[in-house]
Amino acid sequence: MMRHRHRRRRLMSEINVVPLIDVMLVLLVVFMITAPMLAQSVKVELPRVAAGPADSSDRETIIVTVDRQGVYFLNDRRVSESALKREVAERLARRRDTPVHVRGDRQVPYGAVVRVMALLKDAGAPGVGLITLPDAAADRRGRPPEKR
């Protein structure tokens, strides 16, 4: 009888893989469902900076304005489409890193702003910034308003 008392059970040294298989099947289903959605999305590179005013105090800035009637202004001086392209190209030829910004009226059609951006790209602008007014709700709280 003493022999049975001292006899110990052997430890089981096997890994139970059933829970791992369950997790893998769930992940497989999730990826099968989300993969087609990812293929149809549009790639957008978002900026990783805090929203705030751009610092361009030490250099010249090119500001193109489009008013409600679709008239172009280069640094508050009225210009034609061809003159805008020519003058911006000349300024960028002198200094390639000159910032270029577009200020469009809220009522102007979207196509007019896109047309100006295309003209600036043809003139050699490496990038174009859009000038907007800060949201009043964002100013009060110090952050952008939440969508409801």
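What covers the buried residues of helix 3? The cover includes strand 1 (62-66), strand 2 (72-74), strand 3 (77-79), strand 4 (100-104) and helix 4 (110-122). This is a predicted model, in which local features need pLDDT of at least 70 and side-chain atom pairs count only at pLDDT 80 or more, while totals for chains, interfaces and linings use all residues. Residues are numbered from 1 along each chain as its sequence is written, and side-chain values use heavy atoms, with hydrogens and water left out.

**Overall architecture**

- The protein contains 5 helices and 5 strands; these are DSSP runs numbered from the N terminus, with H or I over at least four residues for helices and E over at least two for strands.
- Read from the N terminus, the order of elements is α-α-β-β-β-α-β-α-β-α.
- Of the 148 residues in the protein, 22% are buried (buried means under 20% relative accessible area, exposed over 50%, and partly exposed in between, with a 1.4 Å probe and protein chains only).
- Among contacts between residues at least 6 apart in sequence, 60% join residues at least 24 apart; a contact means heavy atoms within 4.5 Å.

- Helix 3 comprises the 14 residues 81-94, which should span 20 Å at 1.5 Å a residue; its end C-alpha atoms lie 21 Å apart, which agrees. The expected span is 1.5 Å times one less than the number of residues.
- Its buried residues are Ala 83, Leu 84, Glu 87, Val 88, Arg 91 and Leu 92. They cover an arc of only 155 degrees around the axis, and therefore lie on the same side of helix 3; the arc is that of the directions from the helix axis to the C-beta atoms.
- Ser 82 and Ala 93 are exposed residues on the face turned away from the buried side of helix 3.
- Thr 61 belongs to the loop between helix 2 and strand 1 and counts as buried, at 17% relative accessibility. Its C-alpha atom is separated by 9.8 Å from that of Arg 91, 30 residues apart along the chain.

**Salt bridges**

- Side chains of opposite charge can pair when their charged atoms come close.
- There are 5 salt bridges, each defined as a side-chain nitrogen of Lys or Arg within 4 Å of a carboxyl oxygen of Asp or Glu.
- One of them joins Arg 68 and Asp 105 (3.4 Å, N to O). Arg 68 lies in the loop between strand 1 and strand 2 and Asp 105 in the loop between strand 4 and helix 4, so the pair ties together parts 37 residues apart in sequence. Arg 68 is exposed at 54% relative accessible area, whereas Asp 105 is partly exposed at 25%.
- Another links Arg 115 with Glu 81, their closest N and O atoms being 2.6 Å apart. Arg 115 lies in helix 4 and Glu 81 in helix 3, so this pair ties together parts 34 residues apart in sequence.
- Arg 95 and Asp 97 also meet in a salt bridge (2.9 Å, N to O).

**Nonpolar surface patch**

- Ile 15, Val 17, Leu 20, Ile 21, Leu 25, Leu 28 and Met 32 form a nonpolar surface patch with about 720 Å² of accessible area together. Patches are made of residues with over 30% relative accessible area and no salt bridge, like charges being joined within 9 Å and nonpolar side chains (Val, Leu, Ile, Met, Phe, Trp, Tyr) within 5 Å.
- Ile 15 sits in the loop between helix 1 (2-6) and helix 2 (18-39) and counts as exposed, at 71% relative accessibility.

Technical notes. Areas by Shrake-Rupley, 256 points an atom, 1.4 Å probe, with all protein chains shown as cover.
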